[in-house]
Amino acid sequence: MAINNEEKQEIKPIGHNELAHKSLLQSDALYQYILETSVFPREHPCLKELREMTEKHPWNLMATPADEGQLLSMLIKLINAKNTIEIGVFTGYSLLSTALALPSDGKVLALDVNSEYYKLGLPIIEKSGVANKIDFREGPALPVLDELLQDENNKGAFDFVFVDADKDNYLNYHKRVLDLVKIGGLIGYDNTLWCGSVAAPPDAPMMDYVKRLRGYVIELNKYLAQDSRIEICQLPVGDGITLCRRIS
């Protein structure tokens, strides 16, 4: 989940024991069972260190949860991805999950408007031995994507794209990364259930930043459902992740 500085003013920092909000499961105990039984025992030591460091950060709300990182890792291995893009990095948990899952010659182009948080996680990423797979670029993602599209060799050159950034630009990202990912490749959009607000009445109580961006997430979901160039699967993992497989 990516939020801007204005939205940060609205959010009270949360602690580790409140992180069950990252799952839409009704039972916190069931979510903890999944983590302790299937996720944490398989978590790479550097991922664990990065997760625990990030949990102490005031804006840990923006972090990718461990079960979602596990899902990304599995997907990358299933499709034998080698060339990937990540839009929205924060401290790098999903990025490290991706880099660890990629083969030795795999690459991930990581885009974020702010390198401050990435630099917090960078020492741990370097310790993991996979920093050489990462090409981090600071700045808005759209100009970078547009630049990539100017080279015909980049079209259809990427196996996997993960988007966890500014929700009001998700459609703009989609219209670009769909040309960059190959036919048969995957795109993952994070936070597509947006704290459950997508199914709530417009006048339901919700945080201001949730209400402000809710319409963009709903618009994206409708667009993806009708986009004949992709097959989709929306999963209630974390705050909702929609997987899009390009078919044309």
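This is a predicted model: local features need pLDDT of at least 70, side-chain atom pairs count only at pLDDT 80 or more; totals for chains, interfaces and linings use all residues.

Student: Why is Leu25 called partly exposed?

Tutor: Leu25 has a relative accessible area of 32%. Leu25 sits in the loop between α1 (5-8) and α2 (28-39), and together with Leu30, Tyr33 and Ile34 makes a nonpolar surface patch of about 340 Å².

Student: What makes Glu43 and Arg51 a salt bridge?

Tutor: Their side chains meet at 2.7 Å, N to O. The limit is within 4 Å, so the pair Glu43 and Arg51 qualifies. Both residues are buried. The search of the whole structure finds 12 salt bridges.

Student: How do you know whether Glu152 and Lys155 are exposed or partly exposed?

Tutor: Glu152 has a relative accessible area of 55%, and exposed means over 50%, so Glu152 is exposed. Lys155, at 37%, is partly exposed. Their side chains also meet in a salt bridge at 3.0 Å, N to O. Elsewhere, salt bridges with shared partners join Glu43, Arg51 and Glu55 into one network.

Student: Which residues have the most contacts inside the largest nonpolar core?

Tutor: They are Leu95, Leu96, Tyr118, Ile134 and Phe160, in a core of 32 residues. A second, separate core has 27 residues, including Ile85 and Cys244.

Conventions
Residues are numbered from 1 along each chain as its sequence is written. Side-chain values use heavy atoms; hydrogens and water are left out. A nonpolar core is a set of buried Ala, Val, Leu, Ile, Met, Phe, Trp, Tyr and Cys residues joined through side-chain atoms within 4.5 Å. Buried means under 20% relative accessible area, exposed over 50%, partly exposed in between (1.4 Å probe, protein chains only). Patches are made of residues with over 30% relative accessible area and no salt bridge: like charges are joined within 9 Å, nonpolar side chains (Val, Leu, Ile, Met, Phe, Trp, Tyr) within 5 Å. Accessible areas come from the Shrake-Rupley method with a 1.4 Å probe; for residues, only the protein chains shown count as cover. Helices (H or I, at least four residues) and strands (E, at least two) are DSSP runs, numbered from the N terminus.
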